[in-house]
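Here's a quick briefing to read alongside the model. Have the structure open as you go.

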Amino acid sequence: MVAPTANDAAADLVSRLAAQDKTPWYKKPNLRILYLVLMPTCIGVEMTSGFVSASCSLIDVDKRSSRFMDTCANSFAHFGYMLTLVQVFNSPRSTLLGLMSAIYSLGAIVVLPLVPWISDHLGRRMAIVFGSVLMIIGAALQTASQNYVVAMFVCSRLVLGFGIPFAIVGASSLIGELSHPKERAILGSLFNSCWFIGSIVAAGITLGTFKMDSNWGWRIPSLVQIVPSFLQIGFIFFLPESPRWLIAHGRGEEAYGILVKYHAEGDMDSEFVKAEYAQIERTLDLEKEVAKTSWLELVATSGMRKRLVVGSLLGLFTQWSGNGLTSYYLARILDNVGVTDNHTKNLINLALTCWGFVNATFFALTASRLNRRTVYLIGTLTILLIFTGWTVASSNYAMTSSDASSRAVIAFIFLYSPAYNVCFNALTYPYLVEVFPYHVRAKGIAVFQWFGRMAAFFNQFVNPIGLANAATAYGSLSSAAHLLFVPGNCAQDAGRI
């Protein structure tokens, strides 16, 4: 057994003092203001991601049909928006469809090696500003895209992809480093669940603009993507910089003032703030002794290699746990079980998105209190059981056209949402912040983002090509891949590393 270090003792002291504080956050004026400003600046980043991702999700067009409404398969109820884009951009076929969707993830993949440098050298806030500016440029280009000029639309999506990882890495790090220890895990979980807010807003806007005869039917949703980025830039300067980042850059007095204001409500003699500041200093001193200034730090020791594996696999699991089916191919799935009315599809999609937000928020407030490994294990095995039942019901419908089987598939779709959100949504960012030490935290989250974006790129680019010829095979492939990932997913947790 390894003997406790001075840093372990400081962490224990901070935990004990935080537990003794019985005053809720909403009764602390300064902390309350901090959390309110975090909403549009940091937590709002995931709302932006949800809006951008959902408002231009995968298009899947059947070449044989002239009725675009009946053949446009996409996610989160944006049939109207994507139908308009299919018509405007001259009914692109499967390879081009994949490119139009996947280019967003490709942009994120390209810039991820630069993200930690911006976040570590310029600060967490400047990383958010940098990403938001890029997303404003991308949204402006997308809005200005001309009819039948696919290259301009694709380039705009690429620029949007450039921006989102800077904002996500900066925001997730800032949430973990600014929030009070009592609410840190909950806020980190809410960060992910707020993706659904952006998705719901996108659904409402695109459904409202669908019947517009002019090009503004698709330009308005594109233009609205600018709004959350403007909010982030506008509010970010009301938000303090990360105390950890300030201390790491020789601005300890400023960092101490931030901790006093928000974690002790102005009490300069607070024992909690003194312990918290000392813990940060000890952690940074310890990390400076062993830290290297390159990406090789992620593979320098056995513990760091385990952390790297965990971050990498989490990036894959968040995209390859079957969520691609409900995100990108829901319309095709509903067609396959006899739900062909577009109004009914829209209702199911909107209901599913709202249900996702409700259960994701619930788990964000509760799941962080439980053992991480246990929650991941329960969630992953539940997903496997759901997909097994889903596959059986789908096969039964294909043979019998039974209404009961059709309703069972829809029920499994709704059951999948909480099973996924309890682990891959509620715990992902809090878990990453806990697993990676400060000096490699931005790099660790960037690795997670890279693998996640690579998996998303594969889903969005390759799947429409495969679905053009082998649609029925993809559900089985997803279930088989999910079964393969279960043991690896449950192999590591923060405590064992």
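How close do the axes of helix H19 and helix H21 come, and at what angle do they cross? In this predicted model, the axes of H19 (residues 342–366) and H21 (residues 403–425) come within 9 Å and cross at roughly 30 degrees. Local features here need pLDDT of at least 70, side-chain atom pairs count only at pLDDT 80 or more, and totals for chains, interfaces and linings use all residues. Numbering starts from 1 along each chain as its sequence is written, and side-chain values use heavy atoms, leaving out hydrogens and water.

**The helix pair**
- Axes are lines fitted to C-alpha atoms, for helices over the stretch in contact, with angles from 0 to 180 degrees between N-to-C directions.
- Helices are DSSP runs (H or I, at least four residues), numbered from the N terminus.

**A look at Phe-363**
- Phe-363 is buried (under 20% relative accessible area), with a value of 17%.

**Confidence**
- Mean pLDDT (the predictor's confidence in each residue, from 0 to 100) is 77 for the protein, and 78% of its residues reach 70 or more.
- Over residues 57–92 pLDDT stays under 50, and the model has 113 contacts beyond four places in sequence for them.

Terms used. Helices (H or I, at least four residues) and strands (E, at least two) are DSSP runs, numbered from the N terminus. Contact means heavy atoms within 4.5 Å. Buried means under 20% relative accessible area, exposed over 50%, partly exposed in between (1.4 Å probe, protein chains only).
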